[in-house]
Amino acid sequence: LEENPAPSPTFDFKSYMIQKASTVNQALDAAVSLKDPVKIHESMRYSLLAGGKRVRPVLCLAACDLVGGHESMAMPAACSIEMIHTMSLIHDDLPCMDNDPLRRGKPTNHTIYGEDVAVLAGDALLAYAFEHIAVCTKGVSPARIVRAIAELAKYIGADGLVAGQAEKDLGIEHLEFIHEHKTAALLEAAVVLGAILGGGTDNEVEKLRTFARCIGLLFQVVDDILDLTKSSKELGKTAGKDLVADKLTYPKLLGIEESKKLADKLNKDAQQQLSEFDQEKAVPLIALANYIAYRQN
Ligand code: GRG
């Protein structure tokens, strides 16, 4: 996946991402302010404003735009999805889960605020995410807002994100199950919510759901390929096959060449879903899919 075909000579993807991420960061900063109880809010803000790529909120805004919606219709949902992404990372890093000391290059939430506060900050972000969509979404019918909230709850509950975290990796079906739930669920929620809140038809929502599922899996396949090439480079070896011994990955199951073919196919399948939309408006989502496919780290 070394060659990234420029989707449009006039579209500057990097500037687009920087501009959208900065709008999202401002909205997040305003949505979760520092107030009483200060410790919990400080802990929430520490992880929320720690500088993620904001891929999920940008996907949400891009889907809204593609179906003809205004950015303000999807901004609260975009922020809510980033709040949930953040809380899942806070909880994932806890000693009872992955026990990680670092996240986004900074000490993890619990190492700074303690496990008790980190659990509560995660819980508070999860609850507030739903309050934020329900209360702050403007210019969208109540029926669409309720539909968006129901979709989001389903994507993160025991049939979604939580299911992915609870599963152990054993074979290709399990691997796919884990990634569909752990990684694809929130990416999918982001796109589906953007489409619903932006006023998309049922057909448009379903096309975008499939688009998002493909890029969610693509994200993970590419992550596994990058992990492998990174660890083999770090050890100065060319065959990094067994380096990530404790984790099942696509290259381990399929080999590196087949994994790359799978990534190409997922990218193609994803972009196929966009063919019936206004092609000019689809440019950011096409570029996002290519970014996920061809990113180098
Ligand atoms: C949602 C109630 C509830 C609980 C959470 C702990 C847990 C259950 C799930 C963990 C899910 C998890 C850690 C998935 C990994 C997701 C992933 C691909 C993270 C990396 O995403 P990037 O690259 O990260 O977008 P940045 O830092 O840029 O945001």
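Helix α9 has 26 residues and reaches 35 Å from its first C-alpha to its last, close to the 38 Å expected at 1.5 Å a residue. The expected span is 1.5 Å times one less than the number of residues. Helices (H or I, at least four residues) are DSSP runs, numbered from the N terminus. The model is predicted: local features need pLDDT of at least 70, side-chain atom pairs count only at pLDDT 80 or more, and totals for chains, interfaces and linings use all residues. Residues are numbered from 1 along each chain as its sequence is written.

α9 bends by about 55° at alanine 184. The bend is the angle between axes fitted to the seven residues ending at a residue and the seven starting there. Of the 26 residues of α9, 19 are buried, so the helix is largely enclosed by the rest of the structure. A residue is buried if 20 or more other C-beta atoms lie within 10 Å of its own, exposed if 12 or fewer, and partly exposed in between, with C-beta atoms placed from the backbone. Just after α9, glycine 199 takes a positive phi of about 95°.

The largest nonpolar core holds 76 residues, of which Cys60, Val191, Leu193 and Leu218 touch the most other members. α9 (residues 172-197) supplies the largest share of this core, 12 residues. Such a core is a set of buried Ala, Val, Leu, Ile, Met, Phe, Trp, Tyr and Cys residues joined through C-beta atoms within 7 Å. Beyond its neighbours within four places in sequence, valine 191 is in contact (C-beta atoms, placed from the backbone, within 7 Å) with Leu59, Cys60, Ala63, Leu208, Arg209, Phe211 and Ala212.

Helix α3 covers residues 55-66. Its 12 residues should span 16 Å at 1.5 Å a residue, and its end C-alpha atoms are 16 Å apart, which agrees. In α3, 12 of 12 residues are buried. Among them are Leu59, Cys60 and Ala63. Glycine 68 follows α3, with a positive phi near 95°.

The ligand is surrounded by 17 residues, and the closest are Gly52, Lys53, Ser88, Asp92 and Gln165. Elements giving two or more residues to this shell are α4 (71-92), α8 (161-166) and α9. α4 gives the most, with five residues.

Tyrosine 291 lies in helix α13 (residues 279-294). Tyrosine 291 is partly exposed, with 18 other C-beta atoms within 10 Å.

Notes
Contact = placed C-beta atoms within 7 Å. Near = placed C-beta within 6 Å.
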